[in-house]
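This report walks through a single protein structure for a reader who meets it here for the first time. Please look over the sequence and the three-dimensional view before reading on.

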Amino acid sequence: MPTALALSPHLDDAAFSCGGTLAQLANRGWRVVMVTLLTASVPNPTGFALACQRDKGLGPEVDYMALRRDEDRAAAAALGLHPPVHVALAEAPHRGYASAPDLFDETRPDDPLADALAPVLARLMTEAAPDLLLAPQGVGGHVDHVQVVRALTIVAPACPILWWRDFPYTVRDPDPKEPFRETFADLPVVSVRLSTEEAAAKHAACAAYASQIGFQFGGPIGLAERLSAEDSREHFRLSGPMPDGLALA
């Protein structure tokens, strides 16, 4: 049984960007392991970290990341996957990024995340022995996504990688920030066509992140409209040979 390993920076990125492809792989007999890398709970949040959960309607008494880990488990179930793996590293608001603009600016020189992630990714790949990786391109320029791409360049996996277009950053701006545009420019574009059932599974998985839907899409109706506009397709750049069994658009 071939194995696919999806490396999600946050608790929603893989489902938002390639959930349909993960469901398709699982439907076609792949073992699919969804890993979320930045899931650590931080007690007594303050400042911008607290503001990030208050703007979702959650007070300081709520373990925001525990809630989101539960959402991630529900999303994986909606995609037909086993429970996801959660790595206890901290998101950017807990690493010194102090405002929303900071999240999309240059990475801080004192941010150790890429170096901290590299041995974690190497261990995950040793344990899972994947035949295929799925990972972000860093579209939108969120510092956490950027650091994940950097960590993968340090590790340099030998297996093929489907680099996903980071949704919904891909649709927030007609020309989104792409820090790695030149890195990916020479890689072939691959589009995966989703069946009706796979598109529905993706919708259900995205909706499972209830704490994020209002902030990201304006609510369930906005989510449905945004996914409909994607026309049941997910888009990637491919490094390495094309894996067998995907329905290409």
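D111 has a relative accessibility of 10% and therefore counts as buried, where buried means under 20% relative accessible area, exposed means over 50%, and partly exposed lies in between (1.4 Å probe, protein chains only). The model described here is predicted, so that local features need pLDDT of at least 70 and side-chain atom pairs count only at pLDDT 80 or more, while totals for chains, interfaces and linings use all residues. Residues are numbered from 1 along each chain as its sequence is written, and side-chain values use heavy atoms, with hydrogens and water left out.

D111 is placed in the loop between α4 (100-103) and α5 (113-128); helices (H or I, at least four residues) and strands (E, at least two) are DSSP runs, numbered from the N terminus. The side chain of D111 is joined to the side chain of R95 by a polar contact of 2.9 Å, and a polar contact of 3.4 Å links the side chain of D111 with that of Q147. A polar contact here is a pair of N or O atoms within 3.5 Å; within protein, one must be able to donate a hydrogen and the other to accept it, and residues adjacent in sequence count only if both atoms are side-chain atoms.

**The sheet**

In what order do the strands of the open sheet stand? The sheet has 7 strands in the order β3-β2-β1-β4-β5-β7-β6, and its pairing is mixed, two strands being paired if DSSP finds at least two bridges between them. At the edges stand β3 (85-86) and β6 (189-193), each with a single partner strand, so one side of each is left without a neighbour in the sheet. H86 lies in strand β3 and, with a relative accessible area of 21%, is partly exposed. Although H86 and V35 are 51 residues apart along the chain, their C-alpha atoms are separated by 6.0 Å.

Strand β4 (residues 132-136) has 5 of its 5 residues buried, so it is largely enclosed by the rest of the structure. In a regular strand the side chains alternate between the two faces of the sheet. In β4, L132, L134 and P136 point one way while L133 and A135 point the other way, and all are buried. Strand β1 (residues 3-8) pairs with β4 in the parallel sense over 3 bridges, and L5 stands opposite L133 in β4. Strand β5 (residues 161-164) also runs parallel to β4, to which 4 bridges join it, and W163 in β5 is the bridge partner of A135. Together, β4, helix α6 (residues 143-155) and β5 make a right-handed β-α-β unit, right-handed meaning that, with the strands pointing away from the viewer, the path from the first strand over the helix to the second runs clockwise. By contrast, β5 and strand β7 (residues 233-239) run antiparallel and are joined by 4 bridges, with L238 in β7 as the bridge partner of L162.

**Helix α1 and the cysteines**

Helix α1 (residues 13-27) has 15 residues and reaches 20 Å from its first C-alpha to its last, close to the 21 Å expected at 1.5 Å a residue, the expected span being 1.5 Å times one less than the number of residues. Of the 15 residues of α1, 13 are buried, so the helix is largely enclosed by the rest of the structure. Just after α1, G29 takes a positive phi of about 95°.

The structure holds 0 disulfides, a disulfide being a pair of cysteine sulfur atoms within 2.5 Å. Two of the cysteines are set out below.

**Backbone details in the loops**

Which residues does a cis peptide bond join? The bond lies between F167 and P168, with omega about 10°, and P168 belongs to the loop between β5 and α7 (169-172). N44, in the loop between β2 (31-36) and α2 (47-54), has a phi near 55°, a positive value in a residue other than glycine, and N44 is exposed, with a relative accessible area of 70%. A129, in the loop between α5 and β4, has a positive phi near 45° and counts as exposed at 52% relative accessibility.
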